[in-house]
Amino acid sequence: MKKLMAANWKMYKTWDEAETTARELVGLTADKLPEDREVLVFPPFTALKGVSNALDADGFFAGGQDYYIEKEGAFTGEISPMMLKDAGAAYGLTGHSERRHVLGEGDEFVGQKTAYGLECGLKVILCVGEKIDERRAGKVEEVLERQLRAGLADVPRDVAPDRLSVAYEPVWAIGTGEVAGPAEIVDAHGFVRKILVSVFGENANEMRILYGGSVKPDNCGEIIALDNVDGVLVGGASLQSESFSRIVLAGSAIANKV
Ligand code: PEP
């Protein structure tokens, strides 16, 4: 299974800035990208076409940070999976903590989006993760299981495993500089794998589980080597091409030689 090194640019960058960063990223990493890695960038919608054109190298993909659960229609401000694909997106993101906790998306809606994106031909990354009070109350597994079962409820049981990934992103680690410890990551990822297997059977062993939450160039090598960590989803440290290129190559033989 190839590791997926994903960048979430959130509501940052104009079209021009995004395209420039994407071109720099390809320039810094494409000829060194290990065969067992892929790179994915989620730019703002306005920059999607430019970024997907700029990511013009094997193993590089663009994705949409969000989408609505209809093909088209009177849904002011929304965007459909077909429109994302038309602008060059191969992936869609669902359940990001900012959409859950800032924009008020519930578990069921996240599940509808996950299933609809897959039905429309996107690969989908479903994000799950507990808040700090939930961790302190010993409810990590309860929260993850609830978010996963609702998030996957309408996904066909025979979905191709390379089309569905889960990102474990503890909310308290996102954008805070406070990265989860190795044991916390291994425990959470092992639990996510267990739930995925209970839903999809052995196929789930081929689904990627990404870690997200204050991943940086200097901690990525250790994180990416942990059990059941099949990639990373990076916010802040992905905004600069130099920083994200070090993350993309972290822990690989090439990075160790540089
Ligand atoms: C994210 O936005 O998904 C994220 C993990 O952000 P950061 O890397 O800044 O914590």
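Begin with the barrel: select strands E1 to E8, which form a closed barrel of eight strands in the order E1-E2-E3-E4-E5-E6-E7-E8, with parallel pairing. From one strand to the next, the twist averages 25°. Strands (E, at least two residues) and helices (H or I, at least four) are DSSP runs numbered from the N terminus, and two strands pair if DSSP finds at least two bridges between them. Strands of a sheet pair through backbone hydrogen bonds, either parallel or antiparallel.

The model is predicted: local features need pLDDT of at least 70, side-chain atom pairs count only at pLDDT 80 or more, and totals for chains, interfaces and linings use all residues. Residues are numbered from 1 along each chain as its sequence is written, and side-chain values use heavy atoms, with hydrogens and water left out.

Select E7 together with strand E8 (residues 231-234): the two run parallel and are joined by two bridges. Within this pair, Gly212 stands opposite Leu233 in E8.

Axes are lines fitted to C-alpha atoms, for helices over the stretch in contact, and angles run from 0 to 180 degrees between N-to-C directions.

Within H8, select His189. His189 is buried at 0% relative accessibility; buried means under 20% relative accessible area, exposed over 50%, and partly exposed in between (1.4 Å probe, protein chains only). Contact means heavy atoms within 4.5 Å. Apart from neighbours within four places in sequence, His189 is in contact with Tyr168, Ile209, Leu210, Tyr211, Asp227, Asn228 and Val229.

**The ligand**

Which residues are closest to the ligand? Select Lys10, Glu169, Gly175, Ser214 and Gly235, the closest of the 14 residues that surround the ligand. A residue is near a molecule or strand if one of its heavy atoms lies within 4 Å of it.

- Lys10: a polar side-chain atom lies 2.6 Å from an oxygen atom of the ligand.
- Gly235: a polar backbone atom is 2.8 Å from an oxygen atom of the ligand.
- Asn8: a polar side-chain atom lies 3.5 Å from an oxygen atom of the ligand.

**Ala237 and helix H10**

Move to Ala237, in the loop between E8 and helix H10 (241-249). Ala237 is buried, at 9% relative accessibility. Not counting residues up to four places away in sequence, Ala237 touches Val215, Lys216, Pro217, Ser243, Phe244 and Ile247. To relate this site to Tyr168, note that the C-alpha atoms of Ala237 and Tyr168 are separated by 17 Å, the two residues being 69 apart along the chain.

Now select H10 itself, in which seven of nine residues are buried. These are Ser241, Ser243, Phe244, Ser245, Ile247, Val248 and Leu249. Gly251 follows H10 and has a positive phi, near 75°.

**Ser80**

Select Ser80, in the loop between strand E3 (60-64) and helix H3 (81-86). Ser80 is buried, with a relative accessible area of 2%. Neighbours within four places in sequence aside, Ser80 is in contact with Tyr67, Tyr68, Glu70 and Lys71.

**Salt bridges**

How many salt bridges does a search of the whole structure find? The search finds 16, a salt bridge being a side-chain nitrogen of Lys or Arg within 4 Å of a carboxyl oxygen of Asp or Glu.

Select Arg208 and Glu38, whose side chains meet in a salt bridge at 3.1 Å, N to O. This pair links distant parts of the chain, with Arg208 in strand E7 (residues 208-212) and Glu38 in strand E2 (residues 37-42), 170 residues apart. Arg208 is buried at 7% relative accessibility, and Glu38 is buried at 14%.

Continue to Arg146 and Asp107, which form a salt bridge at 2.7 Å, N to O. Here too distant parts of the chain are linked: Arg146 is in helix H7 (residues 140-152) and Asp107 in helix H5 (residues 107-119), 39 residues apart. Arg146 is partly exposed, with a relative accessible area of 43%.

In Glu19 and Arg23, the closest N and O atoms of the salt bridge are 2.8 Å apart. The two residues are separated by about one helical turn because they are four residues apart in helix H1 (residues 15-29). Arg23 is partly exposed, with a relative accessible area of 45%.

Finally, select Asp66, Arg99, Glu105 and Lys113, which are linked in a network of salt bridges.

Technical notes. A polar contact is a pair of N or O atoms within 3.5 Å; within protein, one must be able to donate a hydrogen and the other to accept it, and residues adjacent in sequence count only if both atoms are side-chain atoms.
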